[in-house]
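Please have a look at the model first.

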Amino acid sequence: MWPVGHAFDLGPPRSLDNLNSHKVIDVVEERRCLDIDQMLDRLDLELVALAPVKTQVRQIADFLLLDRLRSCYGLISSWPGLHMCLTGGPGTGKTTVALRMVEMLKQLGYLERGHLVTVTRHELVGQYIGHSAHKTKEVLQRALGGGLCIDDAHDLFRAENEWDYGAEACEILLQAMEDQRDELVVILAGDKDRMAGFLQANPGIGSRIAHHIDFPDYAIDELCTIAERLLAEECYEFSPDGREAFRSYLRRRVNRPGFANARSVRDVLEEARLRQARRIMSGGQRRWSRHDLGRIEPEDLGSITEHN
Ligand SMILES: Nc1ncnc2c1ncn2[C@@H]1O[C@H](COP(=O)(O)OP(=O)(O)OP(=O)(O)O)[C@@H](O)[C@H]1O
Ligand SMILES: [Mg+2]
């Protein structure tokens, strides 16, 4: 079940079965066997920008791998904190990183299954006493062996309403974060300021969060690179005028409410592909080249560039 083929046959974390204090560990070989660098490189490629986030993920990977290797020599420390808090605006890549994180934790042997269950307040908080506890326990059960990502986790607790059943969900969550910390990882996602308020109001949960990772909003150049990447994946590209129209749309849109970073880019491009199809199929022109079929023109971004 656990990865094999190492200088030390890595057992479960904290296992002393393979204790061999005379061997020497080749860290490059260990990383290779666990595919750790391949995984981190994939994250680098998959996500544009986010340099500080990627650095933090690498640091966590290094720390956990070393923790495993140390335990092979009998150098046992307390169970490393794995629960984390990912904060940032909408569409900045939090869920994507959460997915990669739990995969990595499985690869390193800290999680047995490595799947991610994503929920919001709605799935955890109920309508009467005992209902939240029941719902939360059911969700925790599904997440066992993997990660539980709670989107907009700050909404779980409503200090202004003493009859809110979110507090009950928080209690069960806290209990699981402590008692089942070697069986599942809790990932709280949401807005940075609101999350700070939530953790302050719930110090028990706050003190069990080992890693805080903040996702900055993307700059316009980064959003353009994300757009080019998404288009290329589907064999499209912007025409020079299309690129300029898209950039000018971003300039007007990024600071407006409702703009959701990379997710908005993805949505806009999907709409542009539909419009491109309409332009080509019903525009009166009969003959189109391969080049034409792959290009997004300003008119394909029509509604977004005109009205938003
Ligand atoms: N840096 C990036 N490079 C390329 N694509 C990205 C990047 N960040 C996000 N995306 C894409 O944008 C979409 C939204 O990302 P994701 O769901 O991870 O963001 P989120 O922060 O969890 O959003 P939300 O706040 O809505 O939960 C996904 O399709 C993802 O692949
Ligand atoms: Mg998300």
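Which residues line the second largest cavity? They are M39, L40, L43, V57, V97, R100, M101 and M104.

## About the model

This is a predicted model, in which local features need pLDDT of at least 70 and side-chain atom pairs count only at pLDDT 80 or more, while totals for chains, interfaces and linings use all residues. Residues are numbered from 1 along each chain as its sequence is written, chains are lettered from A and ligands numbered from 1 in the order written, and side-chain values use heavy atoms, with hydrogens and water left out.

## The second largest cavity

A cavity here is a set of points on a 1 Å grid over the protein atoms alone where a 1.4 Å probe fits but cannot get out, and lining residues have an atom within 4 Å of a point. The count comes to 2 cavities of 30 Å³ or more. The second largest cavity holds about 50 Å³ of space, a volume being the space filled by probe spheres set on the points, which are joined across faces, edges and corners.

Two or more residues of this lining come from each of α2 (36-46) and α4 (94-107); helices are DSSP runs (H or I, at least four residues) and strands likewise (E, at least two), numbered from the N terminus. The largest share, 4 residues, belongs to α4. By class, the lining has 7 nonpolar, no polar and 1 charged residues (Ala, Val, Leu, Ile, Met, Phe, Trp, Tyr, Cys and Pro are nonpolar, Asp, Glu, Lys and Arg charged, the others, Gly among them, polar).

## The largest pocket

A pocket is an open set of grid points with protein on both sides within 12 Å along at least five of seven lines. The largest pocket has a volume of about 680 Å³. Of its 28 lining residues, G91, T92, G93, T96 and A262 are the closest to its centre.

## Ligand 1

The space taken by ligand 1 is the largest pocket (more than half of its atoms lie within 2 Å of the grid points). Of the 17 residues around ligand 1 (a heavy atom within 4 Å), V48, T95, T96, R263 and R266 come nearest. Helices α4 and α12 (261-282) each supply at least two residues of this shell.

Now for the polar contacts (pairs of N or O atoms within 3.5 Å). A polar backbone atom of V48 is 2.8 Å from a nitrogen atom of ligand 1. Oxygen atoms of ligand 1 lie 2.7 Å from a polar side-chain atom of T95 and 2.3 Å from one of R263.

Terms used:
A polar contact is a pair of N or O atoms within 3.5 Å; within protein, one must be able to donate a hydrogen and the other to accept it, and residues adjacent in sequence count only if both atoms are side-chain atoms.
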